[in-house]
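Thanks for asking me to look this one over. Here are my notes, point by point; have the model open as you read.

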Amino acid sequence: MKSSMSALLIVFAWGTRAFAAPLATEAAPSASSMPATAPSTATSAAASIPPSAPVPPAGACIEHVPEGKGRPVFSEQFPAKGRSGFVAWLKVSVEHGKGEQILPGGFQPQLSSDGIKALEQAQFIFPDRHSPTGPRIVTKAKGDALVTTAALPFVPLPKKPGRQSLELPSVPIAIARASGEIVTVCTEPHTILLEDPVANDPHAKPKRNPAGERQVEEWTLLKNLTYGGLVALAAAAVGFALARWWMKRERPPAPAAPPRPPWEVALEAFTKISDQGWIEQKSYAVHYDKVSDVVRNYLGALYGFDGLESTTREALTQLKHKLPPGELFESIRTYLNSADLVKFARVTPTEAECHRVLEQGRKFVQDTMPSAQTPDAAPNLPAPPAASSSGGPE
C-alpha cells in the first residue's frame, strides 16, 4: 500500500512539472513584453539573458547606450487623467551635447510597424507628424550643454466606453551623436485614467459632425501654365522693348553717292545750255558766259583747283603744271582770255562765235578726258562746285 502511494505521488509530481513547463514557456513572452520599470537596466538585463532565453516580442522598446557612456539625463511627464479621443502629451526632456540631435527625422519614422502595432494594441494612436497636433521639439541652451524638450502627442481610443485606465507602453527616444552613433532611450510606461468626453453631461446627446474644412488642391498644371505665361509675357515685353529701341536707334548717315565724273557733268551742262536757246534769243553774252563757266568748272574739277573762284592767271598757273606745253594749253589760254573780254570788257560776241565757243568747250572736254574712261570705271573725283559767274580777268 505504501509502495503504491509513493508511486502515485511520483507520477503526480512529474505531471505537475510537465504541466508547469509549458506554462512557464508561454508566460515568458508576455512577461518580457511588459516594459522594464528601470529603463537604465534594460541593456544589462538583455545582456544577462542566456542564449536559450526567448527573444523580446516585436514592438518592445530596447535601449541602446554605447559601452563606456552613461545614460543621458532624462525626464518625462505624462498626465494622470484625460478624456477618450483627446490628445495626451508625453513631455520628454533630454540633456545632451551641442553636437547631438534629439529625434532626428521626427518621432513617427522611428516607430517601426511593430511599434505602431504595439501602440494600437495598447489602444493609443500617434497622429501624423505633419498634422496640427504633430510632435513639437524645442531646444534651449543650458551652460555648455543643450536641453531638448519633445512633446509627443498620443490619442487614447479605448474600445469600451466608461471610465477606465490605459497604459501607454514605453516608446523609444533616439539621440544622434556627433560621431553618427545613435543612442536609444526608452520612456517609462505610463497609466492614464480616462473619462468619456460626455461624462459630466447627465443628458448627453449626440452631436453632428463638424463642418468639413475646405480642401486646398494644388493645380500643378495650372500653376505651371500661369508661371510659363508670365515668363513668356515678360520675355515678349523685353523683346518688344529691344525691337523698338533697335528701330529707333541713331543710324549712321547713308554713304554719299560717288561723285559723277567731271567730263560727264560738263557734257551734260553743254547740252542743257544748247537746249535753253540763248543763241535763238539773241542773248549771245549770256550764252558765252555760261559756256565759259562750264569749262572753268570742268578744268578745276579735273585738275584739283577751284575753277570758278580762281582768276584766269591762277587757273593758267595750275594748268601749266598739269598740262604738257603745246597746242592744248595755248588753246585753253586763248579761250579763257576771250571769255574774260566778254565778261568784263563787255565785248558782245557774234552768233558764229557763240556756236564756235560751245564746240570748242566740248572739244576741250573730249581732249582732256581719259580715252578709255567709262562711267563704271570713273575715278572718285571731287564734285564740281556750283556754277557761278565769277573768275576775274588776268
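1. A word on terms to begin with: two strands pair if DSSP finds at least two bridges between them. Helices (H or I, at least four residues) and strands (E, at least two) are DSSP runs, numbered from the N terminus. With that in hand, strand 4 (residues 101-102) and strand 9 run antiparallel and are joined by 2 bridges. I102 has I175 of strand 9 as its bridge partner.

2. Please keep in mind that this is a predicted model, where local features need pLDDT of at least 70, side-chain atom pairs count only at pLDDT 80 or more, and totals for chains, interfaces and linings use all residues. Residues are numbered from 1 along each chain as its sequence is written, and side-chain values use heavy atoms, with hydrogens and water left out.

3. For the overall picture, the protein chain holds 9 helices and 11 strands. Of its 394 residues, 28% count as buried (under 20% relative accessible area, 1.4 Å probe, protein chains only).

4. Why is strand 9 (residues 172-176) largely enclosed by the rest of the structure? Because 5 of its 5 residues are buried. Both faces are covered, with P172, A174 and A176 buried on one side and I173 and I175 buried on the other. In a regular strand, side chains alternate between the two faces of the sheet.

5. Strand 9 also pairs with strand 10 (residues 182-186), antiparallel, over 5 bridges. There, P172 sits opposite C186.

Methods. Buried < 20%, exposed > 50% of the residue type's maximum accessible area, 1.4 Å probe, protein only.
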